Amino acid sequence: MEQVKVIAPAKINLSLDITGVDEKGYHLLDMIMQTVSVFEYVTLTKQDDITMASNAKYIPTDSKNTAVKAAIKFFEYTGIKGGVHIHIKKAVPIKAGMAGGSADAAGVIVGLNYMYGTNLTTDQMCEIGLMCGSDIPFMIYGGTKRIQGTGDIILPAPAMPDCHIVICMPTKGVSTPQAYANYDANGIKTLVETEKLIKAMEENNLADVAEYMSNDLESAAGSDETQPIKSALIELGAIGSMMTGSGAAVFGIFDDEEKAKTAAEAIKDADRYPSCNIRSTFVAKPVPFGASVMKK
């Protein structure tokens, strides 16, 4: 297999509960995460060494990139003397809380496993992923999952009810380390009712899913656009709205596709919503998969 193409969806958090800190100082989390139909495309071409390119000129293409790290760790883990050229077609904004970089790394691991016929289990691929970033194991699994610990515990969760999701990225991103540092400094804890959220999904009750979404990092992220975007999405018909991950992207849940499409266009109107400062919007749906090889 000389070339493999992988589709790698982004994610949103339906909940993010900071439950403590481990002995190494890493935050312990309890989250419901969902992959959505905003896709990165990873093309892998077999060669002797590891190189990378992208349509996005603003991302590193050396070992500072998580995708390159994932390739290095794959070859170390498997003991294969091989290489790959990685091309990433980016769509997911950076510093958004949508795990675009982790999706790319997941795509590299899944794609190399297929390309080199290593027959690694999903858990083994997640082991490699965890060496490179805490979100990568989930981005390999995808769908709707409950994530605990530092990202290493992946539990099943009921599927998210069918809906339409408008995701808004403001002009300024949010640094994940800074968001956690702000949280530690301010100690602002929100009420995160994960069990009620899971029950709502079990009952396929979209209104209750929207009601019980919550994110401990929302106030700590420090983005001036978060609250204005949330308010605008609700005004435009969302039944619930929240910041995803450490931000800065904010999403709204809609029960009607046309309403979602209209909202995604309307919120970009700077005269109507001057405090939102929208750079890009996406209209997405939940998808039941993570990084996946595209079969011809």
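Residues are numbered from 1 along each chain as its sequence is written, and side-chain values use heavy atoms, leaving out hydrogens and water. Because the model is predicted, local features need pLDDT of at least 70 and side-chain atom pairs count only at pLDDT 80 or more, while totals for chains, interfaces and linings use all residues.

We may start with Asn-215, which is found in strand β8 (residues 214–215); strands are DSSP runs of E with at least two residues, helices are runs of H or I with at least four, and both are numbered from the N terminus. Asn-215 is buried, at a relative accessible area of 3% (buried is under 20%, exposed over 50% and partly exposed in between, with a 1.4 Å probe and protein chains only). A polar atom of its side chain lies 2.8 Å from the backbone nitrogen of Leu-217, and the side chain of Asn-215 also reaches the backbone oxygen of Gly-245 at 2.9 Å. Leaving aside residues up to four places away in sequence, Asn-215 touches Leu-16, Thr-190, Met-242, Met-243, Thr-244 and Gly-245 (contact means heavy atoms within 4.5 Å).

Helix α9 (residues 257–266) comes next, with Ala-260, Ala-263, Ala-264 and Ala-266 buried. These residues lie on the same side of α9 because they cover an arc of only 165° around the axis, the arc being that of the directions from the helix axis to the C-beta atoms. Their cover includes β7 (164–170), β10 (250–254) and β11 (278–284). Exposed Glu-258, Thr-262 and Glu-265 sit on the face of α9 turned away from its buried side.

Key
Polar contact = N/O pair within 3.5 Å; in protein donor to acceptor, adjacent residues only side chain to side chain.
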